[in-house]
Amino acid sequence: MTQALTPRLSPSPTSSSASAAGVFDLSSSALVSATRTVRLCLREARPLVQVMFVLRFVTGALLTASAAHHRPDAPHLLCGAAAWWAVTVSVYVFNGVSDLREDRANRSGRPLASGRLSEEAARRAVVASALAGLLLSCAAGWKVAEAAAVFLALGYVYSAPWIAAKCRSWSASAVTCAAAGTTYLAGVASSGSTLNAESAVFAVVLSLGVGLIAAVAKDLGSTRGDALAGRRTLAVVRGEHSARRFCAVASGALTLALTAGALWVHEVPLDAAAAVFAVGALCVAGRCLPPRAGKGRPVTERGHRAPYRSWMATQYAVHLSALAALVLV
């Protein structure tokens with residue numbers, strides 16, 4: 001009796017290559033999806049604001065180190081700046097999640113409000129970037145790590161539903177002013193030097209600008225959505241005209257404060273910053289004039305946001321002029 005031998009069937013080369021191609025396609029699509037999510041999260045966190053916070057951190061560090069004739073530790077400075085970028089992304093993506101209802105009512109084109117970024121993905125990004133920022137800040141030094149933890153707490157207090165400091169102009173101003181001040185102090189800590197008069201004057205006046213100008217000006221043109229969400233901002237309670245007047249007065253008062261500080265300290269970087277600030281504050285005050293709509297056309301979003309945009313440009317110019325003076329002197 002013969003026994004038929006059944007040969008083992010081995011997978012054909014075609015099926016093996018198809019499986020490998022399928023796995024490659026899956027991993028490739030996952031990578032593309034993850035890259036897209038990261039890009040949308042960074043957009044939601046407002047790139048100009050991210051760069052501004054890192055610039056505050058670096059300016060605080062370099063102004064302090066220069067006045068103390070001390071060379072900052074480059075690895076600590078770089079780790080600290082990267083940490084501050086990460087915690088800023090975390091705070092602003094969380095703000096985008098908490099602002100979802102208002103942004104949709106205001107017809108915002110941001111990734112979350114437009115539906116291009118899911119709320120679940122944004123929440124995961126909030127946690128991941130916060131953890132990354134805390135780990136990097138530990139590498140920059142314990143004082144920087146403490147400042148990063150305070151910054152995260154302030155950011156969540158600003159947006160969290162249980163307290164929502166953003167819902168009232170006075171609390172929004174206080175929290176944003178404290179967050180900017182914490183950023184400068186973190187930069188000082190990363191430099192290895194102690195706070196001096198020059199960096200203190202610079203940090204105090206620019207932090208007050210964030211609280212008194214930016215926190216109020218950013219609400220212009222958003223009163224409809226803010227009112228629907230129950231916010232009691234200055235623009236909602238007193239009207240946009242009063243909010244614009246407040247920003248203009250604050251610009252003038254802070255110009256006088258920074259000029260007085262520059263005359264007292266009498267250091268070239270602060271002198272340069274005060275001169276640029278005066279020009280920028282004049283532009284902000286001019287932009288605070290009520291926008292005029294065209295015949296039969298409503299005021300555009302650009303017209304509403306002109307004071308805030310002018311303030312952002314002023315901040316950039318002031319920080320860059322101070323850093324340029326450090327290099328040239």
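I began with two phenylalanines: F53 and F151 are both buried. I note that the model is predicted.

**Aromatic pairs**

I searched the whole structure and got 7 aromatic pairs. I looked at F53 and Y92 in detail. Their ring centres lie 6.1 Å apart with the planes at 55 degrees, so I logged the pair as tilted. F53 belongs to helix α2 (residues 47-67) and Y92 to helix α3, so this pair ties together parts 39 residues apart in sequence. I checked burial next. The relative accessible area is 6% for F53 and 18% for Y92. Buried means under 20%, so Y92 counts as buried.

I then turned to F53 with F151. This pair is edge-to-face, at 5.3 Å centre to centre and 75 degrees between the planes. It links distant parts of the chain: F53 sits in helix α2 and F151 in helix α7 (residues 142-159), 98 residues apart.

F53, F57, W84, Y92 and F151 make up one aromatic cluster. I also found a charge on F53: R56 lies over the ring face, 4.5 Å from the ring centre.

**Pockets**

I put the largest pocket at about 1400 Å³. I counted 49 lining residues, with R46, R110, K218, R305 and Y308 nearest the centre. The lining divides into 22 nonpolar, 10 polar and 17 charged residues.

The second largest pocket has a volume of about 220 Å³. Its lining has 13 residues; V38, C41, V89, A125 and S129 lie nearest its centre. Helices α1 (13-44), α3 (74-98) and α6 (119-140) each give two or more residues to this lining. I sorted the lining as 10 nonpolar, 2 polar and 1 charged.

Terms used
Residues numbered from 1 in each chain as written. Predicted model: local features only at pLDDT ≥ 70, side-chain atom pairs only at ≥ 80, totals over all residues. Heavy atoms only, no water. 1 Å grid on protein atoms, 1.4 Å probe; cavity = no way out; pocket = protein on both sides within 12 Å on 5 of 7 lines; lining within 4 Å. Points joined across faces, edges and corners; volume = space filled by probe spheres on them. Nonpolar A, V, L, I, M, F, W, Y, C, P; charged D, E, K, R; others polar. Helix = DSSP H or I, 4+ residues; strand = E, 2+ residues; numbered from the N terminus. Phe/Tyr/Trp six-rings, centres within 6.5 Å; stacked < 30°, edge-to-face > 60°. Buried < 20%, exposed > 50% of the residue type's maximum accessible area, 1.4 Å probe, protein only. Lys NZ or Arg CZ within 6 Å of the ring centre and 35° of its normal.
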